[in-house]
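Please keep the sequence and the model in view while reading.

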Amino acid sequence: MEPKPIALKVLDIISVILLGTATYLALVFAPTEAVMGQVQRVFYFHVGTAWVGLLGFLLAAAAGIIYLVKKDVKWDIIEVASVEISLVFFLITIMLGSIWARPVWNTWWTWDPRLTTAAITELIYIAYFMLREGIEDPDRRARFGAVYTILGGVSAPITFMSIRLFRTIHPVVIGSQSAAAQGGFSMTGGMKVAFFFALFTFTVIFIDLFWHRIRLGTLAAKVEQLKLNIMN
Amino acid sequence: MNDRPLTINQTLSIVRRPSPNFLKATFAVVWKDLAAEFRSRELFSAMLVFSLLVILIFNFALELDIKTRQSVTSGVLWVTFAFAGTLGLNRSMSVEKDRGCLDGLLLAPVDRAAIYFGKVISNLVFMLIVEAIVLPVYSFLYNINLFQPGLLLVVLLGSIGYVTVGTLLASMAVQTRTRDVLLPILLFPVAVPVLIASVKASGGFLTSADFASEIMPWINLLIVYDVIFTAIAFMVFDYVVEE
């Protein structure tokens, strides 16, 4: 087994430091929002994790398409890595969002387009892993996984648009705000620092985890190959 | 083989040849499924009895009095169709897999997309027959008129979308260890847009909502979904049945 690359070790340390700094910026440095108060601080990590979740989701669909074209195991490993990380980060996003929504919207959950789409995306990911679980042949598993990420990647945006045909109450902090949104606000200087730093931090953490997961995926593929060699 | 360059007519005949074959192959698969079903009636009777039972259960679960009926009818209908559809999709693919028929179909020298579309059409026919019986029964039991041309169009568009994705996923699900259990889990999250749009559009027709603003967007969405997913399924089906 090859040792862990130095660059990865460095990236691990950087990720931890960045996460610590981002936490400080979000909880202490950023000014308290006037209307919502302390609970608004959830926002920085909420958007950061959501961004990373979305990134993984897009990456998975792209990797799925490339796998079907090239038939290279590498892309299958990338796909699984993105789906797995994205699954965890979307879950964190949903939980942070609920913590924020309880005082601001006066409910843990509402069937808003973003919330519903996030929940359905989680279900698609879980279904994806159940599908993979049920297939022993690695080649077929990779093909089916790729097909399913493509279907999910196309269906999730349509779900989003279709629920958007109803009204939405989710605030849009960056870009145009809809009249019905509740709990919106505009960011001041200190908030912007904390916000963009959180986005940057989670991107770095994503890359770090992604790297780890790809290493793990490659090793798992190797183990599977060795097992097959022994059995034959 | 001749090495001479082909004349325009010859080229045209080569280019055009696959299309009648494609249609012929598609309808051969449809015909095979319908003939087998006509003789056994296994799938159809299961889907029909199941749908009627679901409606019966909803009757007790929701207390379908006149007021609630207005608002929940479209939901009850689409849940029934979705469940019965899953049953049919599972069955139609597992009979192929069980007796090794799928391998036989794949060995046939036809475009594999033709097999896929044949399966889609036969599944659609089963689903439409079940719906053609459930709708009048529901109308009769709950004294509500479901026979509006617009509503029937929604039923058709929704079923097409559901069956298109469902057939693709069913052919994946039968090749896994968990098989039948897996299909609804794979299908429902991906088919959410169809169900939302169908429920909303049918509900709009039943409450006679404004057509242009309340119903049309959902019908557009159904058409878009049908087109996109037919195209995707057409492109990826080869990878699903590849050995």
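In which helices of chain B is confidence lowest and highest? Within chain B, confidence is lowest in helix α1(B) (residues 8-16), with a mean of 51, and highest in α7(B), at 93; these scores are pLDDT values, the predictor's confidence in each residue on a scale from 0 to 100. This is a predicted model, in which local features need pLDDT of at least 70, side-chain atom pairs count only at pLDDT 80 or more, and totals for chains, interfaces and linings use all residues. Residues are numbered from 1 along each chain as its sequence is written, while chains are lettered from A and ligands numbered from 1 in the order in which they are written.

**Confidence**

- The average pLDDT of chain B is 85, and 92% of its residues score at least 70.
- For the complex, the predictor gives an ipTM of 0.84 and a pTM of 0.85.
- Where pLDDT is low, the predicted coordinates should not be read in detail.

**Chain A**

- Chain A contains six helices and zero strands, where helices (H or I, at least four residues) and strands (E, at least two) are DSSP runs numbered from the N terminus.
- Along the sequence the pattern of chain A reads α-α-α-α-α-α.
- Taken along the principal axes, the C-alpha atoms of chain A fill a box of roughly 70 × 45 × 25 Å.
- Of its 232 residues, 35% count as buried; a residue is buried if 20 or more other C-beta atoms lie within 10 Å of its own, exposed if 12 or fewer, and partly exposed in between, with C-beta atoms placed from the backbone.
- Among contacts in chain A between residues at least 6 apart in sequence, 73% join residues at least 24 apart; two residues are in contact if their C-beta atoms, placed from the backbone, lie within 7 Å.

**Chain B**

- Chain B has nine helices and zero strands, following the pattern α-α-α-α-α-α-α-α-α along the sequence.
- The box filled by the C-alpha atoms of chain B, taken along the principal axes, is roughly 75 × 40 × 30 Å.
- Buried residues make up 42% of the 243 residues in chain B.
- Of the contacts in chain B with a separation of 6 or more, 82% are between residues 24 or more positions apart.

**Where the chains meet**

- The two chains touch through 24 residues of chain B and 24 residues of chain A.
- On the side of chain B that touches chain A, α7 (149-173), α8 (182-206) and α9 (211-241) of chain B each supply at least two residues, and α8(B) gives the most, with nine residues.
- This side of chain B divides into 19 nonpolar, three polar and two charged residues; Ala, Val, Leu, Ile, Met, Phe, Trp, Tyr, Cys and Pro count as nonpolar, Asp, Glu, Lys and Arg as charged, and the others, Gly among them, as polar.

**Nonpolar core**

- The largest nonpolar core has 118 residues; such a core is a set of buried Ala, Val, Leu, Ile, Met, Phe, Trp, Tyr and Cys residues joined through C-beta atoms within 7 Å.
- The residues with the most contacts inside this core are A:A194, A:A198, B:V165, B:L169, B:L186 and B:L222.
- The largest share of the core, 15 residues, comes from α8(B).
- Leaving aside its neighbours within four places in sequence, A:A194 is in contact with A:L25, A:A26, A:F29, A:A30 and A:Y44.

**Individual residues**

- A:Q225 is placed in helix α6 (residues 189-231) of chain A, and it counts as exposed because it has 12 C-beta neighbours inside 10 Å.
- The C-alpha atoms of A:Q225 and A:P138 are separated by 9.6 Å, although the residues are 87 apart along the chain.
- A:N106 is not a glycine, yet it has a positive phi of about 65°; A:N106 lies in the loop between α3 (73-104) and α4 (113-133) of chain A.
- B:R41, also not a glycine, has a positive phi of about 55° and is placed in the loop between α2 (18-40) and α3 of chain B.
- B:R41 counts as exposed because it has 11 C-beta neighbours inside 10 Å.
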